[in-house]
Amino acid sequence: MIEKEQIRSFIFKNFMFNDNSRVLKDNESFLNSGIIDSTGVLELVSFVEETFNIQVNDDELIPENLDSVIQLVQFIQNKKK
Amino acid sequence: MCGIAGIFDCVKLNPDILPSFKKCVNILDHRGPDGKGIYFDEFTALGQARLSIFDLEGGQQPIPNEDGSLWLVCNGEIFNYIELRKELENKGHVFSTHTDVEVILHLYEDYGENLLKYLNGQFAFAVWDRKKHSLFLARDHIGICPLYYSKIKDQFAFASEAKALFFLPGVTPEINLQALIQTFTFWAPLPGESMFKNIFELKPGYFMWVNEKKSYTRQYWKCEYPSDETGYITDPVQAVDEVSFLLEDAVRLRLRADVPVGAYLSGGLDSSITTSLVKLKNNNKLRTFSIGFEDVNFDETYYQQLVSKNLNTDHSAFRCSNESIGNVLEQVVWHTEKPILRTAPAPLFQLSKFVKENGFKVVLTGEGADEFFSGYNIYKETKIRCFNARQPDSALRPMLFSRIYPYIATNSRTLKFWQSFFQKDLLKTDDPFYSHRLRWGNKSYLSGFLRNDLLQHVSDYDPVDDLQDRLAGYIDPYDPLTRAHFLEAHIFLASYLLSSQGDRMIMSHGVEGRYPFLDKRVIEFANRLHPNFKLRILNEKWLLKKAFAGLLPDEVIKRNKQPYRAPVKASFMSNKNLIDNWFSEQKLNETGLFDVEKVNLLQKKIFQPDTVVSSRDEMAVTAILTTEMLTDQYIFNKQLSWLPTDKYIKVLDYRTEKAMV
């Protein structure tokens, strides 16, 4: 689960500014918890595309694919298959 | 307008306080450069820094009544003073000046605290009643003019700006952490609070009594809405007639002055309406002023020139560069006395200077129309969310958000996420904060940059719960759209718009803003309008467009509303030293409020080249920067280059009864 740790680390640094007082749950919705706003999604997608060498199509840019650590891991693994 | 200050000691005022009190008055020089006066007796001192607009020769304050038993200091204008004065003179009152504000004294003689219902104006004043041994203070209905106070043992002190109070013994500036969290949530401290501990704001629409036994505040005016459909104005002809009459009259009264009156012209609908109404009343060459931006994304020069040409005004534009925004930010914060989340006040600070340099000290301006005639997107957003809540599974209804936020539609890659954002808590339409809770979510984001030890102090504090407790169910009976209007007027308008973007910026260079849309009668009328007359489907300010279409170019009537904003990232990129200095580890440790690591990560993130910065990261940078500046200036007493030199102050010593007129 290298992807999961890389994603967690990116979110933690870029959107939570290494705030140790907050715990990021794997199934926590980024939007509902306010960790990422809608503009932040673009940053997240750039990171995913560059780090995992995949292309995220417009129709894949939906909360069901990208709104939590678990969803992201699942999405990346599916794309890599 | 002016700056006022005062101190009341219920035991006995120590005359040794006079030098400190003179400093209180002197520091308000930017509000009142035209003269300064102090009255003092055994218990009370009143002071005023004057911006002379009426009775240029004889209007010095403090002003006494006929027998010297009452003394007044007032910041502001009473626009209906001519009518009031006539009635009062017929009843036998004798006036000693030709100012507008003297009517307050004589109304007080006849009506006491009930005088407020007779006033049409913008004001914050204090009347010292020597016979009753009481101080009576009041602030206008909507909060155009500021008034702060503090209690120190047996003393009560007040001033137009908190900075004046810090000259008094026993008043020490200390950051109010809860107010900081409120500012990170609502853009400003909640009504009644200030950024400093033990300094309070007299709320808009309130008066206050202070004497040796007690002090208390009471509300005399508030925004009220019809309780059911039958209370609304539903006849469009009546609505057009009434809004035309009221705004014309509001403008007519606001042209009263013994100095020339100019107008701000933003290129938007509201200031175009007020300017066109001035032209209706006066055929002379009206001077208009506006801001143009170096950054074309913010610039409205085209529309400003269009309206100016159409109305034949003598127009001057100040061109705001990205760099200048960072250059003036420290001065801006010194004036706002609170952190700001956007840079929008900085160009207004420069505009005020520009107007002053052009020889004007009064301008009409269009604020208030968005709040009371449904100009803001938040009203449309609320309407769409309520509409979507009726069919939450509809795939088409969320597309409506693209109508009000075109950037959603232009970037198809974030479309679904935006829609998802607005669908959050969609069905909770009974929530009194249904319209605003989504926006207030930035609180935890911005507060997250504070140091953990500070956050622990306020870990139990939720500003939204606090607001709900303060409102005590007042807005619950209304529908979500009406609640949204109330919240905009109650929190955003007075505490942010009329303060950080209004009074504090315009008065920074001794210029007075006058606001026809905030005439009490206009607001009361707008609050009785049927919602469809304000927001017709998704067409904002429908009634204003309908009523004033004949006076303005079609392009202005039909253009989409462009919210007034100023560049953030580009401004700070042009001023890299500013951020490097204020976000340095040394500086952050000195002020001791923000977590160094978090701030450094944010700094790296937003200053990466070619990065699109989210608006909440821009807000975070601006909030941190201006909080640092505020702390440096007020808590650590940084030497400031722009403080006024000592000016002559006329002192009236009334410490013996004999001295009474």
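Entry one. I located His530(B) in the loop of chain B that runs between helix 22 (520-528) and helix 23 (531-534). I note that the model is predicted.

Entry two. I looked up which residues His530(B) touches beyond its neighbours within four places in sequence. The contacts are Glu229(B), Tyr232(B), Ile233(B) and Thr234(B). With Glu229(B), the side chain of His530(B) also forms a polar contact of 3.4 Å.

I turned to helix 9 (residues 322-336) and helix 10 (residues 345-357) of chain B, whose axes come within 8 Å and cross at roughly 85°. Helix 9 of chain B is therefore roughly perpendicular to helix 10 of chain B. Helix 9 of chain B contributes residues including Ile325(B), Val328(B) and His335(B), while helix 10 of chain B contributes, among them, Pro345(B) and Phe349(B).

Which residues touch the most other members of the largest nonpolar core? They are Phe125(B) and Phe158(B), in a core of 216 residues. Helix 20 (residues 480-497) of chain B supplies the largest share of this core, ten residues. Leaving out residues up to four places away in sequence, I found that Phe125(B) touches residues including Ile4(B), Leu72(B), Cys74(B), Phe136(B) and Leu147(B). I also noted a second, separate core of 26 residues, with Ile11(A), Ile35(A), Val56(A) and Phe75(A) among them.

Definitions and conventions
Residues numbered from 1 in each chain as written. Chains lettered and ligands numbered in written order. Predicted model: local features only at pLDDT ≥ 70, side-chain atom pairs only at ≥ 80, totals over all residues. Heavy atoms only, no water. Helix = DSSP H or I, 4+ residues; strand = E, 2+ residues; numbered from the N terminus. Polar contact = N/O pair within 3.5 Å; in protein donor to acceptor, adjacent residues only side chain to side chain. Contact = heavy atoms within 4.5 Å. Axes fitted to C-alpha atoms, helices over the stretch in contact; angles between N-to-C directions. Parallel < 35°, antiparallel > 145°, perpendicular 65-115°, else oblique. Core = buried A, V, L, I, M, F, W, Y, C linked by side-chain atoms within 4.5 Å. Buried < 20%, exposed > 50% of the residue type's maximum accessible area, 1.4 Å probe, protein only.
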